[in-house]
Amino acid sequence: MSKIKIKINNREYEVAPNLTILEACREAAIDIPTLCYMKEINAIGSCRICLVEVKNARSMPAACVQPISEGMEIFTNTPAVQKSRKANLELILSDHNKDCLSCIRNQTCELQKMSADLGVSDENRFKGKMNEFELEDNHSSIVRDNSKCIRCRRCIAACAELQEISVIGAINRGFDTSVGCAFEAGLKDVPCIACGQCIVACPVGALYEKDETEAVFKALADPDIHVAVCAAPSIRVTLGECFGGKPGEFVEGKLAAVLKRLGFDGVYDMDFTADLTVMEEAKELVERLTKNGKLSDGKLSDEKIPDEKISDGPLPLITSCSPGWVKYCEHYFPEFIANLSTCKSPQQMFGAIYKTHFAKKLGLDPKNIFFVSVIPCTAKKFEATREGQSAVGDGIRDVDAAITTRELARMIKKYGINFDKLPDEKFDSLIETGTGAGVIFGTSGGVMEASLRTAAYLLGGHLLGGSSADKIDFEEVRGDEGIKKASYQIGDKTINVAVASGTANAKKLLNSIKSGETNVDFVEIMACPGGCVNGGGQPVQPIRVRNFENLWERRAESLYKDDQNKEIRKSHESPLIKAVYEEFLGEPGSPIAHQILHTHYAPRGKDIKV
């Protein structure tokens, strides 16, 4: 593509012709501040913070939406530009709740940083209308504080454009405009899936996760309570960002070390139950393939599956590891509930197996165990409270607290632990580590790939790919494309698979399956675009990073590298997995496995409660 010549601040550059002023300046190493802009989903130019001067233009255009043209002369930091940006920022601040010291986004707030950069003081010359908003904190996972909202509409775009759910939008007009749900309903009263993409899109403290750290601190302080914690696969490639690390920096050793210093009695790697999920889900896939005539004579190895162990579910089997996706299915595609795997997610499996099998091994009463998960996902908070998540019964939850990456970072800072100076340590030896298959659960396509590795084994030695060696890497289901499809050979049969990340892509895929356009046997769906590495509970990155860096790619690369370096890369080869089945579960899909590790779902409807 031929380039065009433009001038930025009197210097000449050659750039691609299809860029905006904002993008062209970025290529020239010039950052133009923005508040409302989100690349490809919220290019509305409404905040007017990105104003620039263009020679011979009648007014200052918004750089985020103004395309460049041949010979354009752009000025990004003239006195007039700086004056206009400052005035627009002061107008935004005039009706903003400025209790910054107590705000959850203090020091990570884009508005706060921009105020410092542009020299805006507390003495605001504009007096806006400070609307009175009640804190909305009765949702399972998300808190909304509209006194902090700057009406940038980034959360609206994330919900509507990125996820295609649209449960929030702009209400009223002019100075009375606010962001909320239809008919002024609360988030808990609309079909919100709790994915948290609105939170990571928000530049200020108007949206944040429901904090559970005080409950964890309280449990840690009680000498009669055994407090155990497990960390999800993706946390090891995101937690470092909360302490100045680069996106994707691998901090597994420091993660284990800091959890021990926080005082947990047991510090474990959720890779273990990711492997456990693979075992149960792969067995379920094989059973459904057999039941639905996809495998000849119903044979696995040399034995036929007994009828009472065959899943009654239809094809395609759809993974159930993402609670945001499961809730989306219950609200928007209830006709696919029967297709969902009945497996609990790795988070819930860990709490369930810990309060049953491992409680017995450790001599603990489940009533005295407080189990914590560190997770990338706000919907996990909802999942921990839903029905069917109690292996022990008597009102004892599998997981007592699900804290996000951000919450863990706040706990570390509150304890005064110097994360960067920590040595690398290992998770506790009782459940020391998982396999490479468990690691890649943190990225889109990882659950599919891990399950395929073990499904081949469960088929009695039939090899995927038709080669003389087991196929390990399934590159076809990797990558950040919204929908990926592939076909694999299992013996003389072809298994068609599909992967979707983000509910907008899930909608497209499910509608394609319903119409008969797509014929698949196994589907992985993650609620968040890119999978858990881009979950709604992950570190908040400023928009200048989110717009121009592929966070998914950086974080996923680290997980795939860790998988490659693992000595064991298949779930069924894990010594711990073998021991758990020998000592407790018997075999994948056994009655005790179903009692402890499986759950159920129910339609939820799309009605708004007013």
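## The second largest pocket

In this predicted model, the second largest pocket is lined by 33 residues, and those that lie nearest its centre are Glu40, Leu162, Pro529, Asn534 and Arg546. The volume of this second largest pocket comes to about 870 Å³.

At least two lining residues of the second largest pocket are supplied by each of helix 4 (154–162), helix 5 (197–201), helix 15 (503–515), helix 16 and helix 17 (551–565). By residue class, the lining of the second largest pocket divides into twelve nonpolar, eleven polar and ten charged residues.

## The largest pocket

The largest pocket has a volume of about 1,300 Å³. Its lining is made up of 47 residues, of which Arg105, Gln107, Thr108, Cys109 and Val540 are the closest to the centre of the pocket. Two or more residues of this lining come from each of helix 1 (21–27), helix 3 (110–118), strand 8 (207–209), helix 6 (213–220), helix 12 (405–414) and helix 16 (543–546).

Which element gives the largest share of the lining of the largest pocket? Helix 12 does, with six residues. Sorted by class, the lining residues of the largest pocket are 23 nonpolar, nine polar and 15 charged.

Where a probe the size of a water molecule is rolled over the atoms, empty space that is left can be found. The structure holds six cavities of 30 Å³ or more, and the largest cavity contains about 210 Å³ of space. Twenty residues, written as 20 in the count, line the largest cavity, and Cys321, Pro376, Lys380, Phe441 and Cys532 are the closest to its centre.

The lining of the largest cavity divides into 13 nonpolar residues, six polar residues and one charged residue.

Strands of a sheet pair through backbone hydrogen bonds, and the pairing can be either parallel or antiparallel. Here, an open sheet of four strands shows mixed pairing, with the strand order 2-1-4-3. Strand 2 (11–15) and strand 3 (53–54) stand at the edges of this sheet and have a single partner strand each, so one side of each is left without a neighbour in the sheet.

Strand 1 (residues 4–8) and strand 2 run antiparallel and are joined by five bridges. Across this pair of strands, lysine 7 stands opposite glutamate 12, which belongs to strand 2.

Conventions
Residues are numbered from 1 along each chain as its sequence is written. This is a predicted model: local features need pLDDT of at least 70, side-chain atom pairs count only at pLDDT 80 or more; totals for chains, interfaces and linings use all residues. Side-chain values use heavy atoms; hydrogens and water are left out. On a 1 Å grid over the protein atoms alone, a cavity is a set of points where a 1.4 Å probe fits but cannot get out, and a pocket is an open set with protein on both sides within 12 Å along at least five of seven lines; lining residues have an atom within 4 Å of a point. Grid points are joined across faces, edges and corners, and a volume is the space filled by probe spheres set on the points. Ala, Val, Leu, Ile, Met, Phe, Trp, Tyr, Cys and Pro count as nonpolar, Asp, Glu, Lys and Arg as charged, and the others, Gly among them, as polar. Two strands pair if DSSP finds at least two bridges between them.
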